[in-house]
Structure formats: structure tokens, C-alpha cells
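Work through the exercises below with the model open. Each task is followed by its solution.

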Amino acid sequence: MQTVILEVAKKELLTYVGDRRFLILCVLAIAITIAAGLGSWQQISHAHTIRSDAERTDKTTWLEQGEANPHDAAHFGRYALRPVPPLGAFDSGVFDFAGATVWMEAHFQNPPANRAAETKLLSYPFATVTPAWVLAVIVPLALVTLLFGSIALERETGSLRVLVAQNASAWQLLLGKGVAAIVIALLLAVAMVAIALLPVFGYRSLDIEFPRALALVAAFLLGYSSIAGVVLLVSSCATSGYKSFWTATILWILMAFCVPLAGAQIAQDAHPTPRARSFASAIQQEAQAPFWLGSAQYEEVALYEAEVLTKHRAVDRTSLDLNRDALVLQAHERFANRVYDRLYGDLYDQHIKQEEVLRMASALSPVLALQRISRGICGTDTHTQVLFAKSAEEHRRKIVEQLNEDMMYHAGDQSFGYAANRSLWETIDDFDYETPSLSQVLHYYRFEIATLLAWLVLAGSLACAVLGRQFRGKLE
């Protein structure tokens, strides 16, 4: 039994190695990967350098602002800078099209701004092509050209009848071909990911986490194995090599282009995000006007003052010598924050719903599932971007509250005439955000991982059932 499986696997591997079409596509994929990778690594290294410089400049500017009223310093603000993931050069995901900085200032929750795509040199031939795209789209086409005739062509040439005469079972034949396909998938995953990551050794500023690189190899191995299983199923069902090739090619087009594009369009149409102008208008009308121009201020200030007095076990504001202007300012922050939680919460809910649509669409396409996992591992997915924006807002609120409280407790009758100095600025923590850990990423994309496993198991089981029926019918 093992001899039959190993012989089939050995024969298939020798056939694969000599397939010129497969080799040509692999060489083409490697060439594009190298070209795209060199440009991507250069750009991501440049982005890393710019971010480091901007971070130092922001801190220096903050510390050297001189004496100022704490609330004026809150308006002076600081920047929250999104970390540059080293693997963003492998798979840029939404990185170039999502804001890289958040301006943290008093009273306003600003959305991420400064998108890399706004300044990216798109005249470069491979500016919009990443190594991950090549690995997820072009390499599966190479697998199609390699595996489409695994069973269909042998049926045409009569090779399967020889195996039937030798009492070989359908599952032995399929397992032998499957082992060969998985070996090829493993070699492709290791080789292509290694080639794509090779340029990083030329950039000392980038530090690739080995577990994430290993996770990428595992993800692409699983993705390629699933696609190989689908092609073997097509080859088992097709009555000729010609039909097998075109059926597998059409499936590749559907999985690589049609399903992702349709999924993205459906997600946007079903769960549209508000326009920037209308969103900003809603913030002004709900977070600013009701407090400063309406009656919301009185109740909010009274509630906040009561909390402060309770915290310090004081009878009234005068016993603590609290500055009322600062108290009002922080009361507005609390009022506005609730509005931001609701408005931005609705916005993030739309992003989550769009993600769910794409997650469901990935069940129809191993390619889309593989792309989503890849972006998550590289830290360039929508989920990571939303977490960055939320973390920046959380830090903004801490900064503003700390500055307002300093004014509230120390300004006394000076109010806005009170000035703090560097000793206060140094107590303000720098923004420090870390992307989700690898284990968190794999947990978040567990559905996509399960989808790839399901494609592999289902395709293999169906292929075995179809081939078994043909064997029982003596291939007639």
C-alpha cells in the first residue's frame, strides 16, 4: 500500500519538475516578486525612517514649547504615529490607504490622516504590486497549470487502467498525487516567502519577527494545499485534460478576482461609511454646539464637580480651590467623549460589518481567505488600523484630562493666566502602541484558517469519492 502511494508521489514529482509551463510561470512569479519586493522594502524602510524622525521631532517640540497654560498645551497637542510594520513591504494591505497619524488635541477626536497613497510614486511599474499579491494570485495559477492534468490526462492516456489492473485503490492514487502536490506547495511557500523577504537583510532599520515569517509560510502552505485540492477535484471530475484546464482556470479567475471584488463591493454597498463632511458636521452639531451654545453644560459641569468633590471628600469647590474654567473644560471633554464613542462607534461598527461580509466571502475563495490571513500576520489589515485609531483616542483623552486637571488644581484665580512649564510636559507619556500579537491575529482570523482547512478536506474527500466511483466502474 505504502509502495503504491510513494511510487505515485515520486512519479508525479518527476513530472512536475519537468513541466515547462509550470517552471516558466514560477520564474515569472519570482521575477515579479523580486522587482516588487525591492521597491516595497525601500519604501517601507523610508517610511520607518520618516516615522522615527517625526517621533523625535514631535517629542522635542512638545518639551520645548516653553511656559504655557495647560489647556493651551492641550490644544497645542501631539501626534500619535502609527507603527510601520516591517512586513508591510511583503503585504501592504490597507497600509497605504489608511491614515498614518492622529492629531491629539483638546475637544476633538480627529480621524487618522496622512495616507501614504497620497504621496506614493505610482509611476513605478510595481508600485501597486506587492510580493504577497504575487504569491496569492500568480502562484495559484502556476498550480493550475501544473495539476490540471494529474488525473484527467491519465484517464485520456489510459494510465489509470493500468493502476486498476494492479488493484490500486482510488484513495491510494489520490493520496500519492496529494502528497506530491503538498510537497510542491511546501517548496513554493518556503521559496517564495524567502525570496520575498530576502531584501529585508539590506535594511538594518527593519526587524522581521521570525514567528511571523514562519506563520506566513504556514499560511501559504495551507492556502496552496487547498487550491491544489480544488484543482485535483476538477481533474478527477473532468472528462478530458482540455476541460480540466479551462474549468480550473475559470475557478482561479473567480477565486482570485471575482469573489474579492464582488465581496468588497457588496460590503461597501450594504454597509456604507459616512462621508467625511457629513461626519464632521455631526460631530460639530452633537459634540460642540449642545455644550457651548445649549443647556448641556450646566448639568454636565454639576455632575463632574460632584464627582471631584466626592473623590476628595470635600464639601464645596472653594474648599479645594478648584479653577472653574478648567472644570468646565474637562466637563466638556467628558460630554464630547460620549458623543465620539457613539459616532465613532457607529463608524467602527460599519467597518466590522464590512469585515464580516469579506469574511463570509472568503469562504467562497481560498485566495481571499489567504490574503486576509496574510494581511493580519503582516499587521496591515483593517482590524489593526481600527485598533490604532482607538488606541490614539484613548491616549488623547488621558493627555487632555491630565492637563486640564493640572490647571484645575493649580491655576486658582489665575485661570488662563496660569502657566506650566517643562516639568509638566515631561510627565505626559509618549504614545506607545503595539500591533496585535501573532496569537491574537491567528485567533481573529480563525474563520479564514478553518475555511482553508475545509476547502482542503472537502476537495480531497470529493475527489476521492469521484475517483472511487470511476474505479468501481473500471473507468468506463
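**Exercise 1.** In which helix is Q371 found?

Solution. Q371 is found in helix α14, residues 366-378. Helices are DSSP runs of H or I with at least four residues, numbered from the N terminus. This is a predicted model: local features need pLDDT of at least 70, side-chain atom pairs count only at pLDDT 80 or more, and totals for chains, interfaces and linings use all residues. Residues are numbered from 1 along each chain as its sequence is written, and side-chain values use heavy atoms, with hydrogens and water left out.

**Exercise 2.** Classify the burial of Q371 and list its contacts.

Solution. Take accessibility first. Buried means under 20% relative accessible area, exposed over 50%, partly exposed in between (1.4 Å probe, protein chains only). Q371 is at 14%, so it counts as buried. Next, contacts: heavy atoms within 4.5 Å. Leaving out residues up to four places away in sequence, Q371 touches D91, W133, A136, V137 and P260.

**Exercise 3.** Describe the aromatic pair of Y344 and Y348.

Solution. Rings of Phe, Tyr and Trp (its six-membered ring) pair if their centres lie within 6.5 Å; planes under 30 degrees apart count as stacked, over 60 as edge-to-face and the rest as tilted. The whole structure holds 17 aromatic pairs. Y344 and Y348 form a tilted one, 6.1 Å centre to centre with 45° between the planes. Both residues are buried. They lie 4 residues apart in helix α13 (residues 324-362), so about one helical turn separates them. Ring pairs also link Y344 and Y348 with F279 and Y340 into a cluster.

Conventions. Helices (H or I, at least four residues) and strands (E, at least two) are DSSP runs, numbered from the N terminus.
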